[in-house]
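I'll start with the whole chain and then zoom in.

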Amino acid sequence: MRRTFLITGGAGFIGSNLVHHLVATRQEAHVVVLDSLTYAGNLENLAELEGHARFRFVQGDICDRATVRSVFEQYCPDVVLNLAAESHVDRSIDGPGAFVHTNIVGTFELLEAARAFYRTTVDRKNGFRFIQVSTDEVYGSLGPEGLFEETTRYAPSSPYSASKASADHLARAYYHTYGLPTIITNCSNNYGPYQFPEKLIPLVTLNAMEGATLPVYGDGKNVRDWLYVDDHAEALLTASEKGIPGETYCVGGNNERTNIEIVTAICRNLDELAPRASVHEELIRFVADRPGHDRRYAIDSDKIRRDLGWTPKTAFDEGIRRTVEWYLSHREWCERITQSRYRRERLGTEAMPAGAS
Ligand SMILES: NC(=O)c1ccc[n+]([C@@H]2O[C@H](COP(=O)([O-])OP(=O)(O)OC[C@H]3O[C@@H](n4cnc5c(N)ncnc54)[C@H](O)[C@@H]3O)[C@@H](O)[C@H]2O)c1
């Protein structure tokens with residue numbers, strides 16, 4: 001049976017990987033992407049799907065009520081996956097306003113449009129789902145022990161994570177107040193193809209490919225859990241197919257690494273794939289830490305594994321190898337971004353003492 005998926009933010013990193021995964025793995029899926037194409041949105045990420053019978057792209061802002069409502073009216077989605085967001089912590093330090101606008105107001109507009117649509121679309125009620133795609137960063141920072149789980153208290157520490165936390169609260173409230181079948185997923189750090197070069201893994205890979213310095217914040221010992229993006233895409237689809245409305249699912253790779261371990265892994269892969277006169281690790285430089293930098297995130301994804309049968313398939317060594325290979329073979333994609341939108345300068349220095357960056 002035909003099912004229409006509305007994917008907001010589908011021209012970004014996770015969104016575009018999700019679109020490719022969905023079209024490839026679900027033959028009944030028709031996909032509509034709604035994306036305003038901010039600096040992070042890139043139509044090139046979806047170029048292979050141009051003209052595809054089961055794919056449509058709409059350029060538009062999730063904060064724009066008329067646009068959002070008309071997309072619901074025209075395409076009548078069975079599933080909404082909300083990935084449209086301002087997503088970079090460092091940018092949220094320099095300019096929190098855009099984060100409040102898109103991540104909170106935009107999610108509100110989508111929920112309102114979904115509520116109006118759901119109330120009046122009786123025949124498709126049973127299958128309708130609104131998946132709010134969120135992050136483990138809403139839980140704040142962990143000490144050396146313990147894991148985030150669905151019942152962990154929210155304690156966001158950056159404007160980014162605070163705006164995502166607000167959106168989660170709205171999505172949950174729309175379930176309890178209006179019966180809208182919302183589901184929240186809180187995922188750990190993703191990596192893979194098409195990630196915008198401001199984030200750690202592509203930034204380090206691209207700098208290392210050019211022999212430029214590899215900036216590592218603080219002592220490099222901040223810990224994150226890493227999940228290959230395709231595994232996240234499958235988790236989101238699983239949540240939309242088998243998840244229980246009103247529930248939250250934590251999604252993670254059970255793969256904790258310090259930032260310096262990540263950088264070292266990239267360097268070692270590049271030593272084999274694109275050797276230079278000396279090893280890439282020599283390019284590492286420790287720089288002033290990010291203000292409010294959470295020390296450790298780690299996630300317990302037992303619930304989605306046990307209740308929905310999801311499990312990540314890509315081991316870190318394989319995923320990071322594939323990612324480094326992808327950046328090596330997509331230099332033009334990278335160059336077009338760095339020439340027009342982002343020159344790999346340091347961001348998020350607004351809250352630092354003068355001269356600290
Ligand atoms: N990247 C991660 O590691 C990670 C981990 C967990 C959760 N998430 C969440 O997943 C989602 C996607 O993250 P990402 O890394 O792909 O982000 P991204 O920055 O790569 O992509 C965001 C996309 O949203 C679009 N967008 C931004 N504002 C918009 C607006 N007002 N209207 C319509 N489109 C808009 C952009 O053009 C872009 O295509 C975000 O909600 C993020 O919080 C990300």
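Predicted model: local features only at pLDDT ≥ 70, side-chain atom pairs only at ≥ 80, totals over all residues.

**Whole chain**

I looked up burial to begin with: of the 357 residues of the chain, 57% count as buried (under 20% relative accessible area, with exposed over 50% and partly exposed in between, using a 1.4 Å probe and protein chains only). Residues are numbered from 1 along each chain as its sequence is written, and side-chain values use heavy atoms, with hydrogens and water left out.

I found eleven helices and twelve strands in the chain; these are DSSP runs numbered from the N terminus, helices being H or I with at least four residues and strands E with at least two. The radius of gyration is 20 Å, close to the 21 Å that the globule rule gives for 357 residues, so the chain is as compact as a globular protein of that length. That radius is taken over C-alpha atoms, and the rule is 2.2 Å times the number of residues to the power 0.38. The C-alpha trace spans about 65 × 45 × 40 Å along its principal axes.

**Cores**

Which residues have the most contacts inside the largest nonpolar core? I get Leu214 and Ile266, in a core of 34 residues. Such a core is a set of buried Ala, Val, Leu, Ile, Met, Phe, Trp, Tyr and Cys residues joined through side-chain atoms within 4.5 Å. Helix H6 (200–210), strand E8 (214–217), strand E9 (223–228), helix H8 (259–273), H10 and H11 each give two or more residues. H8 gives the most, with seven residues.

I then listed what Leu214 touches (heavy atoms within 4.5 Å), leaving out residues up to four places away in sequence: among them are Val204, Val263, Cys267 and Leu283. A second, separate core has 31 residues, including Ile7, Phe55, Cys187 and Leu236.

**H10 against H11**

The axes of H10 (residues 316–329) and H11 (residues 331–340) come within 5 Å and cross at roughly 70°. The two helices are therefore roughly perpendicular to each other (65 to 115 degrees). On the H10 side I see Trp326, Tyr327, Leu328 and Ser329, and on the H11 side Arg331, Trp333 and Cys334.

**Thr182**

Buried or exposed, this threonine 182? Buried, because its relative accessibility is 2%. Thr182 is found in strand E6 (residues 182–187), and the residues it touches include Leu111, Phe130, Tyr175 and Pro245.

Methods: Axes fitted to C-alpha atoms, helices over the stretch in contact; angles between N-to-C directions. Parallel < 35°, antiparallel > 145°, perpendicular 65-115°, else oblique.
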